[in-house]
Amino acid sequence: METASTRTPRPPVTVRTAAVWAVLRRELERHAGRELTVLDVGGGTGGFAVPLAEAGHRVTVVDASPDALAALTRRAADAGVADRVRAVQGDGDALAGLVAPGSVDLILCHAVLEVVDDPAGVVAAVAAALRPGGAVSLLVAGRAAAVLGRAFNGHLDAASALLDNPDGRAGQRDTLRRRYDAETAAALLTAVGLTVEETHGVRVLADLLPAAVVEADPRTMLELELALSARPPFRDIAAQLHVFARRP
């Protein structure tokens, strides 16, 4: 009979998350039979945390928003995994003081580095929190997609500003503080001694096509999105970049 620690999460598969879940499922299968200690930095309401807890793992979510953590707690309770999900209020910049060194098997750091004060410091804290052999799932906003998106919408000045800005930012009104390409995201991880294993694009097509096209043939859309996610140059124009790395 399948035990709690050998199940893999089965969240609703969408074109927006399928590439990330494909990588995470492979990692869970690598550790089949083990209960993993998971940390979700900026995990919000638990879109990843709750399915991972349902698969039998123990998940700590660190997030700055008390409202998001309250929603996470309700979601975990509704799913029957409240005992496997711990909510901790805090932000990425304070991560080093919230997590014991060498205590985590898998860390999710999704949509965090774009907004923190010190992305290099956050990545260093993530690396320090991993056990040897532990892995990090890093998801960041892509620069190329933001440039193309602004250009397609007729905001050529903003596209030019974003292209030339060293942080990939389109002026002071930009809601994000920085964006990345595959090389700059990977460089943050390798600088702290992690080994990059995989890089995928997330939402390669999903943000470019009209909703009617995406919804007309969801299976074909999903298959195409996954096929493009690992293939440059398609990968590199995705709205987000997913980099998976491991501590030796």
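1. Start with Ala111. In this predicted model, Ala111 has a positive phi of about 55° although it is not a glycine. You'll find Ala111 in the loop between β4 (104-110) and α4 (119-129). Is Ala111 buried, exposed or partly exposed? Its relative accessibility is 43%, so Ala111 counts as partly exposed, since the buried class stops under 20% and the exposed class begins over 50%.

2. Now compare Arg203. Here too phi is positive in a residue other than glycine, with a value near 65°. Arg203 sits in the loop between β6 (195-202) and α8 (211-216). With 19% relative accessibility, Arg203 counts as buried, because the cut-off is under 20%.

3. Arg203 also turns up at the largest pocket. That pocket has a volume of about 250 Å³. It is lined by 16 residues, and the ones closest to its centre are Ala145, Ala146, Arg203, Asp207 and Ala239. Sorted by class, the lining has 9 nonpolar, 3 polar and 4 charged residues.

4. Which helix gives the largest share of that lining? Look at α5 (residues 143-152), which supplies 5 residues. The buried residues of α5 are Arg143, Ala145, Ala146 and Val147, and they pack against β5 (130-141) and α6 (156-164). So two of the names from the pocket centre, Ala145 and Ala146, come back as buried residues of α5. After α5 comes Gly154, with a positive phi near 85°.

5. Next, the sheet. It is open and has 7 strands, in the order β3-β2-β1-β4-β5-β7-β6, with mixed pairing. β3 (85-89) and β6 are the edge strands, each pairing on one side only. From one strand to the next, the twist averages 15°.

6. To get your bearings, find Asp40, which stands opposite Leu108 in β4.

7. One last thing to check in the backbone: where is the cis peptide bond? It joins Pro232 and Pro233, and omega is about 5°. Pro233 belongs to the loop between α9 (218-229) and β7 (240-246).

Methods. Residues are numbered from 1 along each chain as its sequence is written. This is a predicted model: local features need pLDDT of at least 70, side-chain atom pairs count only at pLDDT 80 or more; totals for chains, interfaces and linings use all residues. Side-chain values use heavy atoms; hydrogens and water are left out. On a 1 Å grid over the protein atoms alone, a cavity is a set of points where a 1.4 Å probe fits but cannot get out, and a pocket is an open set with protein on both sides within 12 Å along at least five of seven lines; lining residues have an atom within 4 Å of a point. Grid points are joined across faces, edges and corners, and a volume is the space filled by probe spheres set on the points. Helices (H or I, at least four residues) and strands (E, at least two) are DSSP runs, numbered from the N terminus. Ala, Val, Leu, Ile, Met, Phe, Trp, Tyr, Cys and Pro count as nonpolar, Asp, Glu, Lys and Arg as charged, and the others, Gly among them, as polar. Buried means under 20% relative accessible area, exposed over 50%, partly exposed in between (1.4 Å probe, protein chains only). Contact means heavy atoms within 4.5 Å. Two strands pair if DSSP finds at least two bridges between them. Axes are lines fitted to C-alpha atoms, for helices over the stretch in contact, and angles run from 0 to 180 degrees between N-to-C directions.
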